[in-house]
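Welcome! Take a look at the sequence and the 3D structure first, and then we will walk through some points together.

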Amino acid sequence: MPKKKGSNSKKAGSKPRSRPGLRARSLTVTMAGKPTSKAIAPPDRVSFEVLISPPEAGLSPTEATERISFSNIENFRPAKSKQDQAITRMAELGFKIVAISPYSISAEASPSLFSKVFGTQLEVRSIDRVQSARPMREKAYYAPAAGAGWEAPTELKDLVHRAYIQPPAIYFESALPPNVNYFHLNVPSGVAVGTRAVDAHHQGFTGKGVKVVMVDSGFFRHKFYASHGFKATVMLAPGATNVTKDDNGHGTAEAANVFATAPDVTFTMVKQGMNSTAAFKAAVALRPDIITCSWGFDLVDPQSPIRKHLTQVPNTLKALELEVARAVASGICVVFSAGNGHVSFPGMHPDVISAGGVFVDQNLQLTASDYASAFDSKPFPGRHVPDFCGLVGMQPHAIYIMLPLQPNCEIDRELASGGAFPNGDQTAGNDGWSAISGTSAAAPQIAGVCALLKQKKPGLTPHQIKQALMASAVDCSKGAANSASNEGVALKATSGNDGATGSGLVNAGAALSLV
Amino acid sequence: MKADDRIEAEVLLRQPKPVAGTKTTTRAQSAGQRAPDSETVEKVANRLRALGFEVLAQSPVSVSIAGTRALFTRVLKMSDAPDEISHDLIVPGDLEDYVEGVYVQVPPTYF
């Protein structure tokens with residue numbers, strides 16, 4: 001699973017906002033590296049790629065007469081001895097080496113050092129870095145001035161073919177998802193239909209006035225949200241950093257599930273750092289109606305080949321157990337994912353709504369998701385997981401719901417690298433869309449449905465909400481849950497309440513009629 | 001403090017019944033009964049600050065703290081081996097009446 005970030009305390013909102021309409025002019029940078037007039041300030045480093053001189057009788061990639069591909073790339077590999085010498089001499093000249101591959105060296109330097117060593121001139125340029133529904137955001141960077149010369153110094157003359165400054169990447173995310181050739185659900189419509197939230201919407205219930213807080217990896221202001229009129233506030237939990245970024249992508253993606261079922265909720269993302277308990281406390285302090293969490297801890301013996309369940313909650317999670325109980329006692333409806341083969345805590349806490357998984361196909365047939373967890377809790381005897389389910393895909397990777405996320409984030413790259421469906425999602429790794437699900441998607445879907453009930457009856461208690469949703473769920477009688485969550489035995493779906501899916505798939509329309 | 005040197009932990013306050021190392025579980029209906037009062041919470045938080053920890057959050061359940069590995073090792077007797085994270089630390093003597101245990105936090109798994 002994607003790693004969490006380390007954390008340094010940083011106040012939210014410390015980054016400057018963009019100013020619409022501002023354009024930087026091209027400026028000639030002196031050898032001292034200082035801009036000659038006011039403009040958006042570029043960073044004080046240039047990043048560049050160094051191509052090593054090609055082997056004898058070989059060509060540099062810039063001189064190739066044929067398309068470079070996996071079949072001929074070896075023809076462009078320079079001699080390692082030459083590359084090693086280049087690295088040493090570049091470091092001696094003051095360049096910082098940041099990455100090395102057989103084909104190029106990634107390096108950084110101050111603009112003045114780059115200009116001086118390579119006998120060139122740089123200018124400041126600007127780029128519209130992110131196309132978004134908000135005013136264009138610009139980024140300034142150094143680039144070779146038009147007509148400027150370039151020459152390798154004596155120390156590098158026989159070693160380096162050329163050094164190319166790298167401009168900042170442009171994020172291409174679109175408000176609309178990419179087309180792919182396998183069955184999947186889009187947001188918001190596919191999830192709204194699958195959870196029967198459309199029935200609620202037609203009755204005028206959209207979650208308006210209900211506060212939902214999600215604790216997760218962050219929230220990137222993807223075009224999808226603004227274009228649909230979905231509004232989100234983001235705050236940092238203690239220890240978290242970078243309020244505008246979601247480098248993992250999980251939070252940005254899963255938040256779309258809340259809006260799919262309850263488009264008008266008052267939504268806040270609490271970006272967590274290293275400590276989920278501290279983040280959960282921050283969520284509670286906001287006094288929301290609903291808290292949704294698509295994460296947890298896998299309570300199994302790590303030495304056991306069958307993933308034997310632990311019989312008590314570890315000490316390190318006791319504070320979280322108490323905080324969850326306190327939150328529910330205070331009237332907050334708390335939803336946790338059941339896990340994806342995990343024996344999940346707090347997903348097993350009796351006071352939460354534990355969200356499992358059901359897959360709905362293009363013919364609207366229901367099957368228990370074999371990706372989602374189902375088990376009887378040992379730390380909480382009598383507690384079965386899940387209570388009921390949201391929409392979750394099937395193994396191997398539950399590629400099922402096309403969700404927006406920060407372009408080029410960990411999940412965007414990971415899903416794109418898997419190849420063809422069902423191992424990959426067949427989207428680009430930097431397009432800001434990935435087809436994912438897991439019980440991570442189920443919990444926020446259900447949280448949104450909880451919001452619909454709260455809108456109709458604000459006085460509903462967490463217990464009453466859970467009872468209404470359990471009583472109204474659509475039965476799923478086919479398939480089985482993930483055996484990894486139950487010591488190798490996959491719990492099956494049967495008619496009525498069953499081990500794999502609990503009461504079945506959430507049905508927002510029917511639940512509303514019960515409250 | 002560098003990100004990889006930062007440790008975060010929960011200082012679990014003494015509840016009506018011991019919870020650490022037991023099968024005792026806490027449900028909503030009993031949560032908050034005879035929980036530590038705000039004065040006790042503040043006393044513990046202030047003492048932890050005095051010991052050098054950053055207090056991130058506090059509640060009747062626990063005080064969330066952060067500090068360097070060296071601080072955790074010196075004050076709470078955590079292992080100083082770089083690849084080892086002790087999950088049960090030693091409660092300073094003057095806090096024993098108020099604190100049940102101190103537990104290092106690890107990031108969760110996203111599902």
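**Strands and how two chains meet**

Strand β9 (residues 211-216) of chain A runs parallel to β11(A), and six bridges join the pair; two strands count as paired if DSSP finds at least two bridges between them. Strands here are DSSP runs of E with at least two residues, numbered from the N terminus. This is a predicted model, in which local features need pLDDT of at least 70 and side-chain atom pairs count only at pLDDT 80 or more, while totals for chains, interfaces and linings use all residues. Residues are numbered from 1 along each chain as its sequence is written, chains are lettered from A and ligands numbered from 1 in the order in which they are written, and side-chain values use heavy atoms, leaving out hydrogens and water.

**Around β11 of chain A**

- In the pairing of β9(A) with β11(A), D216(A) stands opposite K271(A).
- Strand β10 (residues 232-236) of chain A also pairs with β11(A) in the parallel sense, over five bridges, and here M235(A) faces V270(A).
- Strand β11 (residues 266-271) of chain A is largely enclosed by the rest of the structure, because five of its six residues are buried (under 20% relative accessible area, with a 1.4 Å probe and protein chains only).

**How much the chains share**

- Chain A gives 49 residues to the contact and chain B gives 42, where contact means heavy atoms within 4.5 Å.
- The two chains bury about 3,800 Å² between them, with 59% of it on carbon and sulfur atoms; buried area is the accessible area (1.4 Å probe) that two parts lose on being put together, summed over both.
- In chain B, P108(B), Y110(B) and F111(B) lose the most area to chain A, together making up 27% of what that side buries.

**Links across the interface**

- The rule finds two salt bridges between chain B and chain A (a side-chain nitrogen of Lys or Arg within 4 Å of a carboxyl oxygen of Asp or Glu).
- R27(B) forms a salt bridge with D351(A), and their closest N and O atoms are 2.9 Å apart.
- On the side of chain B that touches chain A, the elements giving two or more residues are β1 (6-13), β2 (54-58), β3 (62-68), β4 (99-104) and β5 (109-110).
- The largest share of that side, five residues, comes from β1(B).
- Strand β13 (residues 295-298) of chain A pairs with β5(B) in the antiparallel sense over two bridges, and G296(A) stands opposite T109(B) there.

Terms used:
Helices (H or I, at least four residues) and strands (E, at least two) are DSSP runs, numbered from the N terminus. Buried means under 20% relative accessible area, exposed over 50%, partly exposed in between (1.4 Å probe, protein chains only).
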